[in-house]
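Open the model in your viewer and keep the selection tool ready. The tour goes from one selection to the next.

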Number of protein chains: 2
Amino acid sequence: MSEFFHQQKKYYSTIEFAIAHIGGVWKMPILLALRNGPVRYGNLKESIPHISDKMLFTQLKELEERKMVTRHAYVEKPPRVEYQLTDRALKALPILDLLQEYGHYLATEEGCL
Amino acid sequence: MSEFFHQQKKYYSTIEFAIAHIGGVWKMPILLALRNGPVRYGNLKESIPHISDKMLFTQLKELEERKMVTRHAYVEKPPRVEYQLTDRALKALPILDLLQEYGHYLATEEGCL
DNA sequence: TGCTTTACATACCAAAATGTAGGTAACCAT
DNA sequence: ATGGTTACCTACATTTTGGTATGTAAAGCA
């Protein structure tokens, strides 16, 4: 587990680096909401319960910076913007599925489902 | 993605619940350090670079509360305590391996390995 | 007697993540 | 002129997480 740098920040393991891309409360739900193709901002908000505007747009910006999603803005009024998963994000989907399944297993064991 | 409760806390997805068990900076490194069998406190500290006493013991306590590790204290002086993965933690190992691999892929793409 | 070892434990602080509430721009229909 | 639509964006506060430094118990050993 050798450490390395990415944009001035130090990472102690590749797991930590992966988490920097898909971790936090909202990034995975967003990625899952995009798994079937491009979705526009408003529809994303609808399909992710409880997410606030601020969280949605900050996380989308971070995902864009990390090259996990691409942003396509149509020149219309009112505006229309679609977000889409990149190849590197698509490669994360199997992990998200496993995590979902694992969380389901844990919640079942704890009797809260 | 129906929400549910576990010990007074609300979870919006099973992914979030899984992350509550294995997320954060240190839980996964700890779990990986325990993958080959019981390890005592001091050896854990050695095998996880940069971890502080506080982080090691708070995370171990949380992992114990979440039933991800068991604690075995031998009645000796000076004390001797070993930590061991539970079955539910063992089931998380494939995910950790995938995350490690994915982080490695991302770091390679970014050219920082 | 006092120093070492081991596995904690605590107080305090700093940084990061998240939440709440509101505002903006520009066009369109009424 | 007003209000609706859409996709942001900001200020601010709170919560959560992580880091630093230090302290404790109890036996063994010099």
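How many residues of chain B are in contact with chain A? Select both chains: 36 residues of chain B touch 34 residues of chain A, where contact means C-beta atoms, placed from the backbone, within 7 Å. This is a predicted model, in which local features need pLDDT of at least 70, side-chain atom pairs count only at pLDDT 80 or more, and totals for chains, interfaces and linings use all residues. Residues are numbered from 1 along each chain as its sequence is written, while chains are lettered from A and ligands numbered from 1 in the order in which they are written.

Stay on the side of chain B that touches chain A. H6(B) gives the largest share, twelve residues. Helices (H or I, at least four residues) and strands (E, at least two) are DSSP runs, numbered from the N terminus.

Next, select helix H1 (residues 14-22) of chain A and helix H6 (residues 93-109) of chain B. They pack at an angle of about 80°, with axes 7 Å apart; axes are lines fitted to C-alpha atoms, for helices over the stretch in contact, and angles run from 0 to 180 degrees between N-to-C directions. H1(A) is therefore roughly perpendicular to H6(B) (65 to 115 degrees; under 35 is roughly parallel, over 145 roughly antiparallel, the rest oblique). Residues to show here include Phe17(A) and His21(A) in H1(A), and Leu99(B) and Tyr102(B) in H6(B).

Last, select DNA strand C. It is surrounded by 18 residues, and the closest are Gly24(A), Val25(A), Lys77(A), Gly42(B) and Pro78(B); near means a C-beta atom, placed from the backbone, within 6 Å.

Terms used
Two residues are in contact if their C-beta atoms, placed from the backbone, lie within 7 Å.
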